[in-house]
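Let's take a walk through this structure together. Have a look at the sequence and the model first, and then we'll go through it piece by piece.

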Amino acid sequence: MRWTHTFIPTLKESPADAEILSHKLLLRAGLIRKLTAGLYTFLPLGVRALHKVAQIVREEMDRAGALEVLMPALQPPDIWQQSGRYQSAADVLYKVRDRANKEWVLGPTHEEVITQLAATEISSYRQMPKNFYQIQVKFRDEIRPRFGLMRAKEFMMKDAYSFDVSDDAAQLSYQKMYDAYVRIFQRCGLKAVPVEADTGVIGGKFSHEFMVPAETGENEIACVASGGYAANLEKATSRGPLTPTPGVSTGHAPEKFPTPGVLTIAALAAPPHLVPPHRQLKTLVYLADSRPVLVLVRGDDQLNEPKLAAQLGTDQFRAAEPDEIAAALGAHPGSLGAVAATLKSPDLAVYADAALRGAAGMVTGANEDGFHLRHVDLGRDIRVTRWADLRTVRSGELDVATGQPLTLHRAIEVGHVFKLGTKYSEAMNATFLDEQGRAHPCVMGCYGIGVTRTVQAVIEQSNDRDGILWPKAVAPYTVCITPLNVDPDGPVMPLAETLYAQLQAAGVDVILDDRPERPGVKFKDSELVGFPLRVGLGEKSLARGEVELKPRRGSLVGVRIEEATARILSLLDSLP
């Protein structure tokens, strides 16, 4: 490709609304342009990078035995109602109506569509295992689209869905996809860390996310330095708080004391009361399927809502409003507690974090505004419905298995693999007959990669002060030939044309910068876009019988003109 024949509108300055470096570089390097919040047009360079990532994904999915299909983006809402996600995923669904006023859903994902296909086309164990995948545009009604392609309303995704006859067989399919994802991200030049993850609104038995460490990432992961354990913060566990939970009873019954104006953990820890946060019980009120439940964590801990959702067994829950709290407990936030003797209803379910087992001598709200209780022993004074890990781990806490300290890091999610089990197949009657003619639900898995997000994640992880550092496999062009004088009758341009033709014949993705621009402009644009190798040709270097090779990640080197093509091909083999 000749630079003058394509469209690369580079920018000297970053647009004001670009928040993170990768978003700025996508815009400055002329890969994308914003239409409106969450919607972007891919320009020629961006399309080439996107296609290269998609091709790597396609090759590895095919290698793993998955079969490519293409499903409709427009979906009937009744299949979402059948799966139960029409309500649970309502906040991300785009709903549109046709000329007959019939409602449709723009697909954010395709579990329902593929399960309906399996329900009609798979009837026997002989037809499995099967794994179907597609690379397609998705639509999600993001409340706050931001960070460019990281959180967009429309994006490209690879989604795959496996169907097996048993849990053991489904585990094999899951492992194939897990291994394929490792290869995909390695080939894209990404350092992606697989971490244990919450299954979220998609549901299922367990899952892993593939995370790219980045300070600008919207996710947080906990891991040990040895690499033996890594999990999304929504899923991460530890041996518990570093400060032990008080476990010695005072021997006294709960005693009410006045705390006027004390509405927070910090206020109770301050004079005159001086109750340390780890001695306080934080009481939270949630509505689960419209019924109030109480949730207890230590005063210095934060509730992890995805962990709570797993214990409640429903995603239809939310934090109660102040008037709903007052109706259930007779008090307002700041004075709430779960001591049985203070509850208006003895039937309220109480979920307590496992770190509170054996807690004694604690302080909690008295369910009377302006009062708290001291000398509270959980085993004696609170009827706990269920103990569970409900807290968010903190940096420095110890890994359950190894005892090594956990560290927290921000990261970008680029892929997610789920073992779904029979959640969708049971709901949508996707069954098969075994050898004895008995019907069973198909055991499913689903596997997603954000293709557009992966492009930006590469840039977020690979850049310097001058621009993008593309890995060779996903660079829009691998080589940029930069003649410093484009006069067709001069000595430089004919050689540039010869090298251009030779590299094209060798199968190299090469762009010839044939613009009549100053050398400094060309060099800066080449660095900004991030071509892995620049070939510089100027009258001074030609007078020495050389051309100059400049790897984007390396130093300038001169090579003899007659050796240039061979040296370029050799150098490309060594580039990351």
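**A sheet and its helices**

Start with an open sheet of 5 strands, in the order β28-β27-β29-β30-β31 and with mixed pairing. At its edges stand β28 (510-512) and β31 (557-560), each with a single partner strand, so one side of each has no neighbour in the sheet. From one strand to the next, the twist averages 25°. Before going on, a word on where this comes from: this is a predicted model, in which local features need pLDDT of at least 70 and side-chain atom pairs count only at pLDDT 80 or more, while totals for chains, interfaces and linings use all residues. Residues are numbered from 1 along each chain as its sequence is written, and side-chain values use heavy atoms, leaving out hydrogens and water.

Helices (H or I, at least four residues) and strands (E, at least two) are DSSP runs, numbered from the N terminus. Two strands pair if DSSP finds at least two bridges between them. Strand β30 (residues 546-551) and β31 do this in the antiparallel sense, over 4 bridges. Pick out Glu 546, for instance: its bridge partner in β31 is Arg 560.

Helix α14 (residues 519-529) lies across β27, β29 and β30, and runs at about 175° to β27. Such angles run from 0 to 180 degrees between N-to-C directions, with axes fitted as lines to C-alpha atoms, for helices over the stretch in contact.

In the loop between β27 and α13 you'll find Val 486. Leaving aside neighbours within four places in sequence, Val 486 is in contact (heavy atoms within 4.5 Å) with Met 493, Asp 513, Asp 514, Arg 515, Pro 516 and Lys 522.

**A serine in a loop**

Next, go to Ser 238, in the loop between β12 (230-232) and β13 (255-258). Ser 238 is buried, because its relative accessible area is 16%. Its side chain and that of Glu 397 are joined by a polar contact of 2.8 Å (a pair of N or O atoms within 3.5 Å; within protein, one must be able to donate a hydrogen and the other to accept it, and residues adjacent in sequence count only if both atoms are side-chain atoms). A polar atom of the Ser 238 side chain also lies 3.0 Å from the backbone nitrogen of Gly 240. Not counting residues up to four places away in sequence, Ser 238 touches several residues, among them Arg 391, Val 393 and Leu 406.

**Two crossing helices**

Helix α1 (residues 21-28) packs against helix α12 (residues 451-461) at an angle of about 105°, and their axes are 8 Å apart. That makes α1 roughly perpendicular to α12 (angles under 35 degrees count as roughly parallel, over 145 as roughly antiparallel, 65 to 115 as roughly perpendicular and the rest as oblique). From α1, Leu 21, Ser 22, His 23, Leu 25 and Leu 26 meet Gln 456, Ile 459 and Glu 460 of α12.

**Stepping back**

As a whole, the protein has 16 helices and 31 strands. Of its 576 residues, 51% are buried.

Note on methods:
Buried < 20%, exposed > 50% of the residue type's maximum accessible area, 1.4 Å probe, protein only.
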